[in-house]
Amino acid sequence: MRAAVENGADAVYFGLAGGFNARARAANFEDRELGEVMAYLRERGVKGFVALNVLVFDEELAEVEARVRLIAAAGADAVIVQDLAVVGLARRVAPGLPVHGSTQMSVTSADGAEFARAAGAERIVVGRELSVTEISQVRGGTSAEIEAFVHGALCVSYSGQCFSSEAWGGRSANRGQCAQACRLPYGLVVDGQLRDLGDIKYLLSPQDLLAVEQVPALLRAGVACLKIEGRLKGPEYVALTTRVYRDAVDAAGPAAAAPDQAPVLSNQRLAELQQVFARGQDAEHSGLTPGFLEGPRHQRLVRGRAPRHRGVFAGWVTRTAGRRIWVGLAATLKRGDGVVFDAGAPGEAEQGGGTACASAREVQLMFGPGCVDATRVAPGSLVWRSSDPALEARLRSTYEGLAAAAARRLPVDVAVAGRIGQALTVEVRGDNGCAACGESAALLAGADRRPLDAAAVAGAVGGLGGSTLSLRCLDLSALDLGAGLFIPLGEIKAARRAAVARFCASLQRHAAAEGLAREPVLPALLAAVRGDPDPNPSPPGGSKTPDMGFAWKPALPALLAAAQGGPAGGIHTLDNTRQEPASGKAPGLGSDAGDSAAEGAAVGIHPVEGAGRGAPAEYAAGGSAGGSTAAGRGAAPRAGPGSEGGAPPRAVRDQPLLRVLCRSKAQADAACKLPWLSEIVLDFLEVHGLREAVAAARVAGKRVVAACPRVLKPGEDSLARFYLRLGADALLVRSAGLLYRLSRARGAGAEMESNGTHMPDLEGDFSLNAANAVAAGALLGAGLSRLAPTHDLSGVQLVGLARSLGRRATMLEAIVHHHLPIFHTEHCVFARFLSDGNDFHDCGRPCERASVHLRDAAGADHLVLADEGCRNTVFNAAAQSGLWHLADLRAAGYGAFRVELAAETGGDVAPLLEAYRAMLANPNSSTGGMSPGAAWHWLASRPGGVTSGNMLKGRVALITGSTQGIGLGMLRGLAQAGADVVMHGLAKPEELQAKVTAVEDEFGVKVGHSDANVMKPAEIREMIRSVQRDFGRLDILVNNVGIQHVAPVHEFPDDKWDAIIAVCLSSAFHTTKAALPAMLASGWGRIINTGSMHALVASPYKSAYNAAKHGIAGLTKTVALETAREEQVTCNAICPGYVLTDLVRNQLEDTSRARGIPVDKVISDVLLADQPTKRFVRVEEIAALVRHLCSDDAASITGACLSIDGGWTAR
């Protein structure tokens, strides 16, 4: 923070250690530090924005409300928010606290900005995929302030729309836990064949953003704030980037109005920026690009040779000898510089180190002993200057150890006034409107000898007393120096001290806490969502907290009324200045709600510059073949209440509604042949043939839903018109911008244009990111008739969301089978790697000819599809299924269930849908000859397989004996999969806290701790009760605690036997006995007992331990038999074998000393003498097995004692 402040930042943004920000892995400020941080910033005239920019779950809303109160009370200048619920909470809790919409909101249009503004955000951080021209168009269509990123990492996926971490790592990018899957290597599979791309392997890893030369254009575009991304970067990076952009903004000044003048970044500055951090570069590219600010440049954005920071390209290796390496230089190298040698394999260990000597143009580099193995450095390898200690020291000097005179201060103006007979006054004024006065105790008098002069007054005012203020201008015009004044200089200094003290105190006053709600507002919001009475009604004649969030009632009439000057309602008061047509006719769907009637009538597709490949020619202006509306096409009439044709009206059904999303004509044709299927969603990304598919489905009597793009940018309004003209019964809306535009137009069925186009029903998709009941209620209130929650929710959380919505749960749709859309990106894989073009103008459109997959390191092929806007979606190879959650979801009240297809053939459609139909009809028992277990195994046998996804999220796991070793490894494995965990065992308080904090920070889960004595059944029972009370549930029990004693049977102490049996066997019985009833009641539970390498064999001198572990095997099988009828309650044992824990390391050293043999001989000839693999089991392997046994994939595995060391323990 000091680096940013001292180098000219106007504002800084940061997270708090309590979570709820997209910087989960970064070092964040503690809550207790927030007041001090804000005081430090205010004293220097810098604003502080606190990030709350993640999705929030229902169970976290109360904590978020408390967090908003804390932030407002500390006087933060704004909160940065992604979740609509957090926006609503902030506006109601702290109406004086400004809200900024995060880039995680996926705002790419003026309509998206207006949606966020209407919800309560006054500034919007637009998507990094917009060009300067598009940013200008967004700014021109909204009254919200616009903020834009200018430097730092570029996510390949649209922020807020990336689910790769969720799919593969159990860590949600929407929760600040991005696993950076875009930085992994992938192979390019074209039409089934792996394409050889040489050393290009990182196909989704962009270079970083650099927009110094675009600063004047961004200012002309109306951008109010330039944002530098600094997550997980060092202070040197912060110092340099802040100073570079401070200078660029200051230099732009009046020149920003001149389009032909742009700052030129010097080679030295560019090299310095590369040195502190640049990513993805090669010999010809610096790792820093303007990103999309100049429009798509696919050949430039992603180079693919390396995914991480390299530094400055320094040259090539020419020859090597011993510890000496000769390099042909492309940049300067000096003694002490760090270098790394790049052979084009960044996934492998690379050679490098600090140089001990460098000379000449072809330099000879020498390294210290052990630094570099020159035999592993080949001629031709690239050489990167990875560090420059001299530059780093210079940057540190800008913020470390600064003298008071050199440190940043707040510039103020000082006015001194007074005349004879009056007190002398000193007034301090700042640019922020703050002002304060001090006055002398003595009165000004006439001077007998030497009168007061300007120099004396200036000296007395001086440096403002060593405060954080700096004197900019001293105004003595109101001080009657001409009258020959006298007053002791000490009096002037006293007046100055008083004025400065009062001014500094005024700096700490803020408006963020003004109007802070006295009572919790969440209960009222939740009650309104459910339609319950307000639990805190307004007192007679009084008023409650102003409704600064969402109005919980149908939004369309209120939105329309507000737009036309009537009473406000719906999302929020719409006080924008755009006017509706005077006729009161619904606005057209052009670039502005106030389009002329003539423009509004042109509802066909018009290829527009910047709108991707454009729409098919047959949909150009003038309409399309077959008419423009459902009623005029001669096909099935529009479905709706009372209609005789088309799909049946939506009414109470005997069976849950199951519908399918199709992405090809073959899939749609196959779906239309199923007589029981009443609804079809059509998601033709290329839109070619979509109109015909809609018509065919309606002829087949289906209700048809057309899926709209997830992103609409300025210039793509024609696509919105095209979807309206399809004549579909509903539109699946995937962006808040489109929802805002359509909901402001009119309600469902309203006539949109004079030619008869009607507004279809509006349904919301997962990409709207409804993660809690408040956000879901807001979106439903904005005009949606149905809503699919975000993919960030687990099965447990989906059920909880429905229950929180009460009667409105029937408006929810659960996506129960799909290939997760792991990336949604403006970067076009087709254009970059199958052409030499930069966009659709010159790429030759390979997406229309080639089938492309990305192959990951495990060999899975992930489908890549391009949409009409040239955006790519990468779909996970394995299908994700909610099969095991169908019963709970149906019981919770979900009104619809969706199966989504990706690359499935037409022949796959009927069997897949029939399987889910059978499960939905009676998900708890065998139906149609297929049980849930059989259905799961059938799904798993299909191409790509099936996964339950990150379904441990929302689960709670207790792991006994987990403060160290194997237990801690299993706990970390379950936390990685999303489960909240309870650690058990003894440790020093500071060590325990460090371990808890490490798991919380790394995985973003809740971590508890118990030190219950497992030799005492009463303490065990209380431990289980406390977990269920504090976490609300206990789903996973891992019995791992154990002790042992070594002695012959005839010498074995009785107390040791009793203790070992109690800890190693009886404790597992008591924990299972206490935890099992709740698992059986909920229908889901996992009990895992750990044995040892001796669990299935015996070992001399360990009678008690062997007896206990054989008893564990018997207990495991007994519990498994008793719970066998519950398909989702299992009990298993794992036998880990020898694991290299600290205990085993001590054994190795003790045995080595006792026998006089090396440690490696102890391993091979003693401990692992009979083991075939001759290796220790890794803790990660045990954790992986535990995670698998806890997954829905393993629901049919129960009663097993599983070995993970090659069968050794099972002999």
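## Questions and answers on the predicted model

Q: Is arginine 845 buried, partly exposed or exposed?
A: This is a predicted model, and the values below are computed from it. The relative accessible area of arginine 845 is 29%. Buried means under 20% and exposed means over 50%. Arginine 845 therefore counts as partly exposed.

Q: Where does arginine 845 lie, and what is its phi?
A: Arginine 845 lies in the loop between helix H24 (829-834) and strand E32 (852-855). Its phi is positive, in a residue other than glycine. The value is near 55 degrees.

Q: How many helices and strands does the protein have?
A: Both kinds of element are present in the protein. The count is 35 helices and 44 strands.

Q: What share of the residues is buried?
A: The protein has 1211 residues. A residue is buried when its relative accessible area is under 20%. The buried share is 57%.

Q: What share of contacts joins residues at least 24 apart in sequence?
A: The contacts considered are those between residues at least 6 apart in sequence. Among these, the share joining residues at least 24 apart is 73%.

Q: Which residues touch the most other members of the largest nonpolar core?
A: The largest nonpolar core has 201 residues. Three of them touch the most other members. They are Leu682, Phe823 and Tyr894.

Q: How many residues are in the other core, apart from the largest one?
A: Tyrosine 894, in the largest core, has contacts beyond four places in sequence that include Pro789, Leu798, Ala809 and Leu889. Another core lies apart from the largest one. Among its members are Leu974, Phe1003, Val1007 and Ile1182. It has 32 residues.

Q: How many salt bridges are there?
A: Side chains of opposite charge can pair when their charged atoms come close. The cut-off here is a nitrogen of Lys or Arg within 4 Å of a carboxyl oxygen of Asp or Glu. By this rule the count is 61.

Q: Arginine 123 and glutamate 147 form a salt bridge; how many residues apart in sequence are the parts it ties together?
A: The closest N and O atoms of arginine 123 and glutamate 147 are 3.1 Å apart. Arginine 123 lies in strand E5 (residues 123-125), and glutamate 147 lies in strand E6 (residues 145-152). The pair therefore ties together parts whose separation in sequence, in residues, is 24.

Q: Are arginine 703 and glutamate 763 buried or exposed, and which strands does their salt bridge tie together?
A: The side chains of arginine 703 and glutamate 763 meet at 3.0 Å, N to O. Both residues are buried. Their positions are 60 residues apart in sequence, so the pair ties together strands E26 and E28.

Q: Are arginine 855 and aspartate 861 buried, partly exposed or exposed?
A: These two residues form a salt bridge, with closest N and O atoms 2.7 Å apart. Arginine 855 has a relative accessible area of 28%. For aspartate 861 the figure is 27%. Each lies between the 20% and 50% limits, so arginine 855 and aspartate 861 are partly exposed.

Q: What is the handedness of the crossing of H30 and H31?
A: The axes of H30 (residues 1017-1031) and H31 (residues 1054-1082) come within 9 Å. They cross at roughly 35 degrees. The crossing is right-handed.

Q: How many nonpolar, polar and charged residues are in the contact of H30 with H31?
A: H30 contributes residues including Ile1020, Met1023 and Ile1024. H31 contributes others, among them His1070, Ala1074 and Ala1078. By class there are 7 nonpolar, 4 polar and no charged residues.

Q: How far is the C-alpha atom of arginine 832 from that of arginine 297?
A: Arginine 832 lies in helix H24 and is buried at 7% relative accessible area. Its contacts beyond four places in sequence include Ile200, His298 and Val302. Arginine 297 is 535 residues away along the chain. The C-alpha separation is 8.9 Å.

Notes
Residues are numbered from 1 along each chain as its sequence is written. This is a predicted model: local features need pLDDT of at least 70, side-chain atom pairs count only at pLDDT 80 or more; totals for chains, interfaces and linings use all residues. Side-chain values use heavy atoms; hydrogens and water are left out. Helices (H or I, at least four residues) and strands (E, at least two) are DSSP runs, numbered from the N terminus. Buried means under 20% relative accessible area, exposed over 50%, partly exposed in between (1.4 Å probe, protein chains only). Axes are lines fitted to C-alpha atoms, for helices over the stretch in contact, and angles run from 0 to 180 degrees between N-to-C directions. A crossing is left-handed if the near helix is turned anticlockwise from the far one by less than a right angle, and right-handed if clockwise. Contact means heavy atoms within 4.5 Å. Ala, Val, Leu, Ile, Met, Phe, Trp, Tyr, Cys and Pro count as nonpolar, Asp, Glu, Lys and Arg as charged, and the others, Gly among them, as polar. A nonpolar core is a set of buried Ala, Val, Leu, Ile, Met, Phe, Trp, Tyr and Cys residues joined through side-chain atoms within 4.5 Å.
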